[in-house]
Amino acid sequence: RLQKMRGSRIRRRVPNPCSRSGCVHVRVCSDAPDAEGGAAGMTRAAACGAGVARISAAGGVKLVAAMPRVDCPKCGVVVARVPWAEPGSRFTKDFEAECAWLMTVANQRTVSGSLHVSWRTAGAVAHRVAERVKASMPSPFDGLHAIGVDETSHRKGHTYLTVVVDHERHRVTWDHDGYGRDVFGLFFQALTPEQRASIRLVTGDGARWIDSCVDRWCPNVERVLDGFHIVSWMSDALDKVRKRLWNQARRDGDEKSVKRMRGVKYAVLKNPGDLTDRQSEAFGNLQDTDPKGQLYRAWQLKELLRTLLKHPLEQARAELNHWVFRASHSRIPEIVELAKKIRRRRPDILRTIQLGYSNARLEASDNRIKVTIRMAYGFHHANSLIALVMLRCAGNHGASDNRDTPLLTYRRSMVL
């Protein structure tokens, strides 16, 4: 005899319909056709208390609910809203929560094989779950004091995501497809005037679009440069000096200088304490690499700039002034051009030394986002990738452990 339930019925007779071992999944039926070729209007749900869908040799349980239709004076005849599924979704909220959680810890093949859904469908599920999680949690923009902004590539062809992190709570607060002043401005537009006023510090690289956007929306915040990017400016200039001298020696037929510069390509960019034995041997001839010693003097300026960032503020201020004077009078074109940039960003550099903030947290988030991008390979839309990034990297609001994500809190609340 069929076991009756309120608003649903069991189509297949099984000995124990709610057993973990006797249940594959639950499907909820509506009158709309199924887009994936299943039975008409079947909406899938998670296993009865099983967490992840299972396959049983005895067959599965299918719960079929008659979706009521209502005649709306404004919209016409539509399917009524139900509490266990999103409008337009063919899956119940329990099934979508399980699918989204599995996407954050497993790859595409595992998710598709375990839950029997296509990867495109899984991307849409992640987007819906991310919206529900966001609605169930406090606003991530409340209590922002120190934020960091950076862009990370997620596809070939200079396609980037702009990521904003909260330095104090160690979590990704906001991300969006694209980069530049207009995209970063969308972040400030999403904030209320009170939330914008609470921001005191913004870290990032030396991109001009960050400066212009911060000056427009939060003119009173402290703009801090990351020490890693400051040293990278000097490393890039040093590599340009080496390439110019290398090409010049090859054109002049100076085989001796070419041979000496052959082993210092990476030695001049690394810290002296991190050199290998072979690099140390090549580094010993650095002073005699070119006739005017330009490469050696450029390396000295790189080491001075790197070490002054670790000194106290007043000492660093005097050393930075001395560095700018030496660089601007070095007669090395690449270093003279960099000295103009350092002189222009001198207040931001001193503020970086004073406050001690860096983009280390943001760079760590970028590495985790890169892993998420590899896990999301195959998504056709950036919105699905952004949803998966927020589910994995947003962190729980008010939690001390970043591994306690909002998605886990959301799943626990559904179980309770």
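Q: Is Tyr179 buried, partly exposed or exposed?
A: In this predicted model, Tyr179 is partly exposed, with a relative accessible area of 45%.

Q: And which ring does Tyr179 pair with, and in what geometry?
A: Tyr179 forms an aromatic pair with Trp209, and the arrangement is edge-to-face, with 6.5 Å centre to centre and 65 degrees between the planes. Tyr179 lies in the loop between strand E10 (171-177) and H4, whereas Trp209 belongs to helix H6 (residues 208-217), so the pair ties together parts that are 30 residues apart in sequence.

Q: What about Trp209, buried or exposed?
A: Trp209 counts as buried, at 14% relative accessibility.

Q: Which residues make up the ring cluster?
A: Ring pairs link Phe141, Tyr160, Trp174, Tyr179, Phe184, Phe187, Phe188 and Trp209 into a cluster.

Q: How many aromatic pairs are there by this rule?
A: The count comes to ten aromatic pairs.

Q: Where do Phe141 and Phe187 lie?
A: Phe141 is in the loop between helix H3 (119-136) and strand E8 (146-155), and Phe187 is in helix H4 (residues 181-189), so this pair ties together parts that are 46 residues apart in sequence. Phe141 counts as buried at 9% relative accessibility, and Phe187 counts as buried at 0%.

Q: Switching to the nonpolar cores, how many residues does the largest one have?
A: The largest nonpolar core has 34 residues, and those with the most contacts inside it are Trp323, Ile335, Ile342 and Ile349. At least two residues of this core come from each of helix H7 (227-252), helix H8 (255-262), helix H10 (294-308), helix H11 (313-328), helix H12 (333-344) and helix H13 (346-355).

Q: Which helix supplies the largest share of that core?
A: The largest share comes from H7, which supplies nine residues.

Q: What does Ile349 touch?
A: Leaving aside residues up to four places away in sequence, Ile349 touches Leu225, Ile230, Leu309, Leu320 and Ile342.

Q: Which residues does the second core include?
A: The second core, which is separate and has 33 residues, includes Cys99, Val111, Val129 and Val389.

Q: One last thing, what sits over the ring of Trp233?
A: The charged end of Lys341 sits over the Trp233 ring, 4.0 Å from the ring's centre.

Notes
Residues are numbered from 1 along each chain as its sequence is written. This is a predicted model: local features need pLDDT of at least 70, side-chain atom pairs count only at pLDDT 80 or more; totals for chains, interfaces and linings use all residues. Side-chain values use heavy atoms; hydrogens and water are left out. A nonpolar core is a set of buried Ala, Val, Leu, Ile, Met, Phe, Trp, Tyr and Cys residues joined through side-chain atoms within 4.5 Å. Buried means under 20% relative accessible area, exposed over 50%, partly exposed in between (1.4 Å probe, protein chains only). Helices (H or I, at least four residues) and strands (E, at least two) are DSSP runs, numbered from the N terminus. Contact means heavy atoms within 4.5 Å. Rings of Phe, Tyr and Trp (its six-membered ring) pair if their centres lie within 6.5 Å; planes under 30 degrees apart count as stacked, over 60 as edge-to-face and the rest as tilted. A charge sits over a ring if NZ of Lys or CZ of Arg is within 6 Å of the ring centre and within 35 degrees of the ring normal.
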